[in-house]
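Please keep the sequence and the 3D view open while reading.

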Amino acid sequence: MSSEAQEGQTSNKITCTDVTCPVCGLTCDDIEVEVDDVSVVTRNACIMGDAKFKELRSSHRITAPLINGKEAPWSDAIDKAAEIFVNAKRPFFFIGSETATEAMSVGIEIAEMLGGLVDGNATICHGPTVMAIQDVGQVGCTLGETRNRADLDIYWGANPEDSHPRHLSRHSVFQRGFFTGQGRFGRQIMVVDPRRSTTAEHADLHLQLKPGTDFEVLNALMTILNGFEPHESFTEVTGISREDIYKAADMIKDARFGVIWVGLGIASTRGKHYNASMAMRLTQLGNKYGKFVILANRGHCNVAGFNEVLAWQCGFPYAVDFSTGEPRYQPGEYSTVDVLRRGEADALFCMCADLGAHLPKRAVERMCEIPVVSIETAEGPQAFISDVVLPGVLDGMECEGTFYRMDNVPCYARSFIDPPFDFTKSNEDTLIQLRDAIKRKLAARGKTTETVEGAAETGSKATTLSEEEYVQRLDTLLSQPQS
Amino acid sequence: MEIILNTGGTAFQGACVKGGRKFTDEYTQEAAYCDINPEDFVALGKPWLVKITNEYGDSVVLQAKKTDRQQKGEIFIPRGPWANIVVTTYTESTGSPAYKNRKVEIEEGSGPVLGPVTLMKKYYSKRTNRTGRTPAEGGA
């Protein structure tokens, strides 16, 4: 992967090749971008990628900090944001996915320092799939293997034509890989979706199930693969004919290399992580017949990166609470929607994610009651409900960083242009400035930051306790009444 | 009429969001509609607009779109602030709300389809909501 900037004919025109796209989980790294003073032209980018690159020269870009909707000096905005979090008893840090892992790491550090909660986009995306990975385990591979080897692509609750427009052409259906030189003609395509989606139009077999019956269909497939008959009520329950389910089982048996691409169709419907667990068990069973893998179609650019960073910083993939001084993980209790619905968080930090547009109404209503600080690049629902808006830097364009692709492969994204302001160089820089402002405020109030600084350097505070202290601390925690 | 709601992303809605065009009429065009199966569409009286109401009584008015991509008894609304008025916070202890497969009421609607700014002002104005909610309103 290389990026080269050349001076074009116009003095301010820049042409860059092999640019990494910061939009969806595919992290395409073959984008060409031409930028001059007024316009942006892209090649190879999809409709969403093109829209994102055009943000470099858009009229609606937020270029100055906003406090209560009015432009304010950068130092005032950072000060106000730090004040909000120092005053909060239960601050919540939502680390969005359209930013690099380096920035995420600092965000998690601030949450740990303040004893707050931290969560990321996975919580409203493939969180249940991540829980299933913990339950069952994932047989996975990289996208390179799927493009070169897969002769059966199963899209389960996924519609990549819309969510990942280049998925079919780069990594699956139409790609002519090393062992898949015939492209579409060498591959079988199965789509499992209650809608006749645009992806379903490419399918050799479309299982148009009733919503919420993924678990039953997965179970029936496993039953057939194990040599038994599915229950007689199968068609009535799922809406799929017995002929079709047997055809699906035969396609799995015949495959040399099969991939199940799971989308939000299984993670957002009833059953959630149980559906995903069953899909992973089916994958394991598929390996009796050929090579079988399962990959999650992660929607946002670096949503996999958040799981990775949080896991190597505190051991858990999402929904973490630091209020007891050590990380505790419990989806449903410390996850964003649940915390907001219960009215628990009393200050919210939202980085590079439009929660205002993408959370259910009852959760957004809580955000209207508490102070909200956001990093945003454009006007929208999140900026609308924010007390403080810090202008966002476009990662992979205006600053370099690391993105985790949907197969958990880290990709390094270079920058090729400077941000339109000079008060911050990157979202990581913004967060470091915020972290330092919070530390100064804590010190001014006589709260020592030594322990928290120590915790940040050595990982969790629990690791520095002696065994006796640890037992004592556990006793104290357990003796407290449960709220 | 009771019907099953599914929400999800589309490429055009995605392009609006990624391109920062979240406070434009284009976003309304791409996200404030409801896909309905032809049979259900006729049963509803071939409406121009539909009103979707969830189990909490929250409701939103959307453009009605007839399409055979939907099965009978199901509707689809693109991801966005309109869909999320009626998406519930029920997460089954996973953190992920009920974006898909939740029963809602659908009927012929009247009144305008709100633009994104008007919608935000109507439902989420900070000043009016500062008074707080009763526990009953906050529960799922």
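A residue is called buried when its relative accessible area is under 20%. By that cut-off, both A:Glu376 and B:Lys22 are buried. The model is predicted. Their side chains meet in a salt bridge with an N to O distance of 3.7 Å. A:Glu376 sits in strand E17 (residues 372-376) of chain A and B:Lys22 in the loop between H1 and helix H2 (25-31) of chain B, so this pair joins two chains.

**Contact between the chains**

- Chain A contributes 68 residues to the contact and chain B contributes 58.
- About 5300 Å² is buried between chain B and chain A, and carbon and sulfur atoms give 54% of this area.
- Between the two chains there are seven salt bridges.
- One salt bridge pairs the side chains of A:Glu201 and B:Arg69, at 2.7 Å from N to O.
- Polar contacts between chain B and chain A number 24 residue pairs, with both residues at pLDDT 80 or more.
- On chain B, the elements that each supply at least two residues to the side touching chain A include strand E1 (2-8), helix H1 (11-18), strand E6 (100-108) and helix H5 (116-124).
- H1(B) gives the largest share of that side, seven residues.
- Sorted by class, the side of chain B that touches chain A holds 16 charged, 23 polar and 19 nonpolar residues.

**Chain B**

- Chain B contains six strands and seven helices, in the order β-α-α-β-α-β-β-β-α-β-α-α-α along the sequence.
- Of the 140 residues in chain B, 57% are buried.
- Of the contacts in chain B between residues at least 6 apart in sequence, 75% join residues at least 24 apart.

**Nonpolar cores**

- In soluble globular proteins, nonpolar side chains tend to be buried together.
- The largest nonpolar core here has 99 residues, and A:Val118, A:Leu359, A:Ile438 and B:Ile52 have the most contacts inside it.
- Leaving out residues up to four places away in sequence, A:Leu359 touches residues of both chains, among them A:Ile124, A:Val364, A:Met367, B:Asn84 and B:Tyr99.
- A second, separate core has 37 residues, including A:Trp156, A:Val192, A:Val262 and A:Leu282.

**Buried parts of chain A**

- In helix H16 (residues 361-369) of chain A, nine of nine residues are buried; among them are the charged residues A:Lys361, A:Arg362, A:Glu365, A:Arg366 and A:Glu369.
- A:Pro331 lies in the loop between strand E15 (328-329) and helix H14 (336-341) of chain A.
- A:Pro331 counts as buried because its relative accessibility is 6%.
- Beyond its neighbours within four places in sequence, A:Pro331 is in contact with A:Met131, A:Tyr318, A:Ala319, B:Ser93 and B:Thr94.

**Salt bridges within chain A**

- Over all chains, the whole structure has 34 salt bridges.
- A:Glu83 and A:Arg445 form a salt bridge through their side chains, 2.8 Å from N to O.
- A:Glu83 is in helix H2 (residues 74-87) and A:Arg445 in the loop between helix H18 (427-444) and helix H19 (450-458) of chain A, so the pair ties together parts 362 residues apart in sequence.
- A:Glu83 counts as partly exposed at 27% relative accessibility, and A:Arg445 counts as partly exposed at 39%.
- A:Arg90 forms a salt bridge with A:Glu344, with the closest N and O atoms 2.8 Å apart; the two residues are 254 residues apart.
- A:Arg90 is buried at 19% relative accessible area, whereas A:Glu344 is partly exposed at 28% relative accessibility.

Definitions and conventions. Residues are numbered from 1 along each chain as its sequence is written. Chains are lettered from A and ligands numbered from 1 in the order in which they are written. This is a predicted model: local features need pLDDT of at least 70, side-chain atom pairs count only at pLDDT 80 or more; totals for chains, interfaces and linings use all residues. Side-chain values use heavy atoms; hydrogens and water are left out. Contact means heavy atoms within 4.5 Å. Buried area is the accessible area (1.4 Å probe) that two parts lose on being put together, summed over both. A salt bridge is a side-chain nitrogen of Lys or Arg within 4 Å of a carboxyl oxygen of Asp or Glu. A polar contact is a pair of N or O atoms within 3.5 Å; within protein, one must be able to donate a hydrogen and the other to accept it, and residues adjacent in sequence count only if both atoms are side-chain atoms. Helices (H or I, at least four residues) and strands (E, at least two) are DSSP runs, numbered from the N terminus. A nonpolar core is a set of buried Ala, Val, Leu, Ile, Met, Phe, Trp, Tyr and Cys residues joined through side-chain atoms within 4.5 Å. Buried means under 20% relative accessible area, exposed over 50%, partly exposed in between (1.4 Å probe, protein chains only).
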